[in-house]
Amino acid sequence: MAVIQMALRYIRKEILVLPTRVIAVLFVLTLLLLPFLTQDMYILRILAIAAIFAIFAASWDLLSGFVGQISFGHALFFGVAAYTTALLNLRLGWSPVITIPLGALVAVLVGLLVGIPCLRLKGPYLGLATLAFPIMLMGIIFVFPGFFGGELGISGITRLAALRIHEYYLAVGLMLVLCFIMWKITDSKIGIIFHAIREDEIAVRASGINTIKFKLLAFCLSGFFAGIAGGLFTHFLRIAGPSMLAVLMSFQAIIWTIFGGIATIYGAVAGVFILYPTLEILRAAAEYRMLIFALIVLLVLRVMPEGITTFIRDKLERECPRCKVRNAFNRKEFRVCYSNMHG
Amino acid sequence: MLSDILVYGLMNGAVYAMLAVGFSLIFGAARIINLAHTAFFMLAAYAVFYLGFSMALHPVIAIPLAILIVVLVGVFVYYVFMEPIREHETAVLIITVAVALVFQEVILIVFGGHYRGVSNIVSGYVSPMGIRISYQYLLTMGVVSFSLLAVWLVLMKTRLGVAIRSSAQDREIANLMGMNVARIAAATMAISVALAAIAGVMVAPLYTLEPHMWLDPLVLVLAIVILGGLGSIKGSFIGALILAFIEVIVVFTMPGGAFLKVAIALAIMLVILVVRPEGLYGVYLEGER
């Protein structure tokens, strides 16, 4: 009884007070309970892919949004992990349980490999230098079509799980867990250093913090999460192709994250879950599909340049100028310090 | 083969220089990474295709009209979508991608995905020392050199040029000195788009027109401006020549060169960047907040 009372109290005091927390909880519950409402293969497939892309977008947000190391070549991690996973699975016959973590580890190594020469580069230079890596790798893949499958890619990979519903829960479950971990990382002490590096790297270095270590850590962490997304995607689609390294793949992650709200993690997730299904629904519009999509992105960003989640959060909530605790917009007084909200 | 490398290298170098200098200008004056830059180039090529063939206008009318239309579109895009949200740099970046996608899709809907060609403005060729150079190449190189010279003169000798250069150095101080930085940025955008449009109308007869033709030059232009140093006109020019020659040499001498040309050009860019993080002639962005 006492446990239930405590749980109810927690829900009332910690979740229902803030509209954005209510939205987040509803979103998670909807994702988890959806298979009980519909068994439609198509809907489950779209949402599972969206979940995988959400991990990918959030990993970009971790590196570029939080640490400020803007990367235009994030598809590198995704593609390297995808190809590693595919080759291990097809040539050695290993199961996804082993291939996906190994793919992610290779992506971490690649993260180090890219991170070390890029440490000296700043801002746009870094972004455009990272753009080069996946394109160079794609050139190599086209030159050795026998091993990498060339333009057609590698197909015939085993499924993620036997049933579509299991695949759905695996993708969505991993997305929720990994994004929660990323969100916690950005909230931890490491996260504070990440923030500080973005704002003023020289000041951080002057405070006696080894920024090189933390920047490499960011590259590795981001590569790891993007790698898991790449491995999952390969086993889900059962193909690894050069399109996973394309410039468009890198920019998709950037578009989703900035559309949702940069440097938030949940913004990346929201961006994917809004834009990816939208693009699928727009298949009804045939040849106008990409045009409508581009116009939606254009107009939404024109109105909400800080991203859709940040925009909505600032409309629904106000931060108390004194105690820095967020409050629902319709309250009369702040919930912690009880000072008048409109006075 | 050597003569082919020379001709194609100079030709591609000239076109890339036009694109890279424009890209560099707008980055310098407004700190906008305009990923739609080569989309304007494509738009100009299609505009000249439409005006010259579907409307059957004489090239002397069609070409300036195409450039004018593209410049007007560019200034419109700047004022409506970029200027109001200039402080949100990442949002501007994605807006430029969205603008490029809109251009691509509009062209796909209006003209279809077929490969299109525009016939040469001038026909015939000269062959000094056995090298065959068509008049179209000579005309293109002449126009490119003239335009780059004109831009350089504007930047160095006019009031507008001084304003552009000063707002590239420090936008806030330029603003405090009483310059209308938004209008300067718009003027820079017009010059930058005009350069892309001139390149577009000149190479329309030499390239195949298709709605995705903006992507490959975009990657190279980004590599060039990074190689030469962001915001440096001289760097962009030299970087364009270097990467264009590397590309042409790889295509002519290596097996599988067509797949590797971009990869090798980018690898050389990376090597130079590791040695000089600010590019060949770039200003080091250390002090910039």
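What share of the 343 residues of chain A count as buried? The share is 45%, where a residue is buried if 20 or more other C-beta atoms, placed from the backbone, lie within 10 Å of its own, exposed if 12 or fewer do, and partly exposed in between. The model is predicted: local features need pLDDT of at least 70, side-chain atom pairs count only at pLDDT 80 or more, and totals for chains, interfaces and linings use all residues. Residues are numbered from 1 along each chain as its sequence is written, while chains are lettered from A and ligands numbered from 1 in the order in which they are written.

**Chain A**

- Chain A contains 15 helices and 4 strands, with helices (H or I, at least four residues) and strands (E, at least two) taken as DSSP runs numbered from the N terminus.
- The radius of gyration of chain A, 21 Å, is close to the 20 Å given by the globule rule for 343 residues, so chain A is as compact as a globular protein of that length; the radius is taken over C-alpha atoms, and the rule is 2.2 Å times the number of residues to the power 0.38.
- The C-alpha trace of chain A spans about 70 × 55 × 45 Å along its principal axes.
- Of the contacts in chain A between residues at least 6 apart in sequence, 73% join residues at least 24 apart; two residues are in contact if their C-beta atoms, placed from the backbone, lie within 7 Å.

**Chain B**

- Chain B has 11 helices and 2 strands, arranged along the sequence as α-α-α-α-β-β-α-α-α-α-α-α-α.
- For its 289 residues the globule rule gives 19 Å, and the radius of gyration of chain B is close to this at 19 Å, so chain B is as compact as a globular protein of that length.
- A box of roughly 60 × 50 × 35 Å along the principal axes holds the C-alpha atoms of chain B, and 51% of the 289 residues count as buried.
- Helix α2 (residues 37–54) of chain B has 18 residues that should span 26 Å at 1.5 Å a residue, which agrees with the 25 Å between its end C-alpha atoms; the expected span is 1.5 Å times one less than the number of residues.
- In α2(B), 15 of the 18 residues are buried, and just after this helix Ala56(B) takes a positive phi of about 55°.

**Nonpolar core**

- The largest nonpolar core has 213 residues; such a core is a set of buried Ala, Val, Leu, Ile, Met, Phe, Trp, Tyr and Cys residues joined through C-beta atoms within 7 Å.
- Helix α3 (residues 41–66) of chain A provides the largest share of this core, 16 residues.
- Those with the most contacts inside the core are Ala54(A), Ala44(B), Val48(B), Ile94(B) and Ala197(B).
- Beyond its neighbours within four places in sequence, Ala54(A) is in contact with Met175(A), Cys179(A), Ala268(A), Val269(A), Val272(A) and Phe273(A).

**Contact between the chains**

- The contact takes 34 residues from chain A and 35 residues from chain B.
- On the side of chain B that touches chain A, α4 (89–111), α9 (215–228) and α11 (257–275) each supply at least two residues, and α4(B) gives the most, with 12 residues.
- By class, this side of chain B has 31 nonpolar, 3 polar and 1 charged residues; Ala, Val, Leu, Ile, Met, Phe, Trp, Tyr, Cys and Pro count as nonpolar, Asp, Glu, Lys and Arg as charged, and the others, Gly among them, as polar.
- The 23 residues of α4(B) reach 33 Å from first C-alpha to last, close to the 33 Å expected at 1.5 Å a residue.
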